Amino acid sequence: MNKEILSIEIGPGMGPRLDKALAAAVPEEAALSRSRLAKLIAEGSVSREGVAVTDQKTKVAEGEVYQIALEPPKEVETVAQDIPLEVLWEDDDLIVVNKPAGMVTHPAPGTPEGTLVNALLHHFGGNLSGIGGEARPGIVHRIDKDTSGLLVVAKSDRAHHGLAAQFEAHTVHRHYRALCHGVPQASDPRLRGLNGVSFEQGGVLKIVTQLARHKTDRQKQAVVAHGGRHAVTRARTIEDFNGTAALIDCWLETGRTHQIRVHMAYAGHGLIGDQTYGGKRKISEKAVGAAAAEAVRAFPRQALHAATLGFVHPVTGEELSFEAPLPDDMTDLIDALRAASMPPAGGTAP
């Protein structure tokens, strides 16, 4: 297949380095990031007067013209699958979906099929722009397999770069609903004495730590004293279930792997159903009754749902905001806990 040739003239004040000058000069619709331009230069795909220029630090001068040879988007090997999707928004540049619990976001060893990407490839039906030189959906953030809720996915390079920049700058608004063991309270002296934990106005729990891979279990994340990546989580109690569990609203200042799950476990309020970080904590039948205790024990996943998502459309500049209601399994669990927390007529709660 023939390569597309893009001619770029170096304008005033765009020097002195080739990679920086090209990044400033390429038209916005080309959606070529500086990192991709650096790769193209190294591959010999950038030339001047028929001679390849392979050093991104090459000095440039105003008026020089460079040619960039672009490969047509490659088809990915991931197979398209007819899997139902709940779509909340779609246009030429992006799509917002409500992912069900149990669906992996992206194919990986062990899960090559049945993922959100497989479903999206079928949904798009070939109507997909090249992202990073490949015809594929642009995954700019993920939620865990057993977490339900909202995801935005890029359909074009320009949307991919714009969304990625917003996630990197932490300007995307994300709120999660979760059910945790116990009730985080500002009056708890244990929480008050925990490093990185504080309470803000309105009883908002704030957790600030460094997160890194667990020393012995590489599939897990852990709070570390040194190194790692800065992580900030806030949580507010929405509903207290007799002091034994709580429905909480969590929001992220940063977006690290398993961040909410790790931070809530660190605070001593691990998520119900979380087999990785929740430990072996149980709710006693004496506290909530047999039915609610069994509902908690039987809950098959971490009780976590990406409920709201807000961002600026990377192409139109429109402010977008989406909400996804709690899935049935979480509402059923809430109903069981709520029923157990209500005192019977003429008596007290179990």
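The model is predicted. The protein has nine helices and 19 strands. Of its 350 residues, 46% count as buried. The largest pocket holds about 1300 Å³ of space, and the largest cavity has a volume of about 50 Å³.

**Overall build**

- Taken along the principal axes, the C-alpha atoms fill a box of roughly 90 × 45 × 40 Å.
- Consider contacts between residues at least 6 apart in sequence: 64% of them join residues at least 24 apart.

**Largest pocket**

- The lining of the largest pocket counts 41 residues.
- Nearest the pocket centre lie Arg142, Ile143, Asp144, Thr257 and His258.
- By class, the pocket lining has 12 nonpolar, 16 polar and 13 charged residues.

- His258 sits in the loop between β17 and α6.
- His258 has a relative accessible area of 18%. Buried means under 20%, so His258 counts as buried.
- The side chains of His258 and Tyr277 make a polar contact at 2.7 Å.
- Beyond its neighbours within four places in sequence, His258 is in contact with Asp144, Gln219, Gln221 and Tyr277.

**Helix α6**

- Six of the eight residues of α6 are buried, so this helix is largely enclosed by the rest of the structure.
- The buried ones are Gln259, Ile260, Arg261, Val262, His263 and Met264.
- Strands cover them: the cover includes β12, β14 (204-213), β15 (221-224), β16 (229-241), β17 (245-252) and β18 (304-312).
- Just after α6, Gly268 takes a positive phi of about 85 degrees.

**Nonpolar core**

- The largest nonpolar core has 32 residues.
- Those with the most contacts inside this core are Leu116, Leu120, Tyr176, Leu205, Ile248, Ile260 and Met264.
- Helix α3 (residues 116-124) supplies the largest share of the core, five residues.
- Leu116 touches Leu85, Val97, Met103, Val104, Thr105, Leu151 and Val153, leaving out residues up to four places away in sequence.
- Ile260 and Met264 link two topics: both are buried residues of α6, and both are among the core residues with the most contacts.

**Largest cavity**

- A search of the whole structure finds one cavity of 30 Å³ or more.
- Its lining is made up of Gln166, Phe167, His170, Val172, Arg174, Leu252, Glu253, Thr254 and Gly255.
- By class, this lining has three nonpolar, four polar and two charged residues.

**Ala61**

- Ala61 lies in the loop between β3 (51-52) and β4 (65-70).
- Ala61 counts as partly exposed, at 35% relative accessibility.
- Ala61 and Pro16 are 45 residues apart in sequence, yet their C-alpha atoms are 7.2 Å apart in space.

How values were computed:
Residues are numbered from 1 along each chain as its sequence is written. This is a predicted model: local features need pLDDT of at least 70, side-chain atom pairs count only at pLDDT 80 or more; totals for chains, interfaces and linings use all residues. Side-chain values use heavy atoms; hydrogens and water are left out. On a 1 Å grid over the protein atoms alone, a cavity is a set of points where a 1.4 Å probe fits but cannot get out, and a pocket is an open set with protein on both sides within 12 Å along at least five of seven lines; lining residues have an atom within 4 Å of a point. Grid points are joined across faces, edges and corners, and a volume is the space filled by probe spheres set on the points. Ala, Val, Leu, Ile, Met, Phe, Trp, Tyr, Cys and Pro count as nonpolar, Asp, Glu, Lys and Arg as charged, and the others, Gly among them, as polar. Buried means under 20% relative accessible area, exposed over 50%, partly exposed in between (1.4 Å probe, protein chains only). Helices (H or I, at least four residues) and strands (E, at least two) are DSSP runs, numbered from the N terminus. Contact means heavy atoms within 4.5 Å. A nonpolar core is a set of buried Ala, Val, Leu, Ile, Met, Phe, Trp, Tyr and Cys residues joined through side-chain atoms within 4.5 Å. A polar contact is a pair of N or O atoms within 3.5 Å; within protein, one must be able to donate a hydrogen and the other to accept it, and residues adjacent in sequence count only if both atoms are side-chain atoms.
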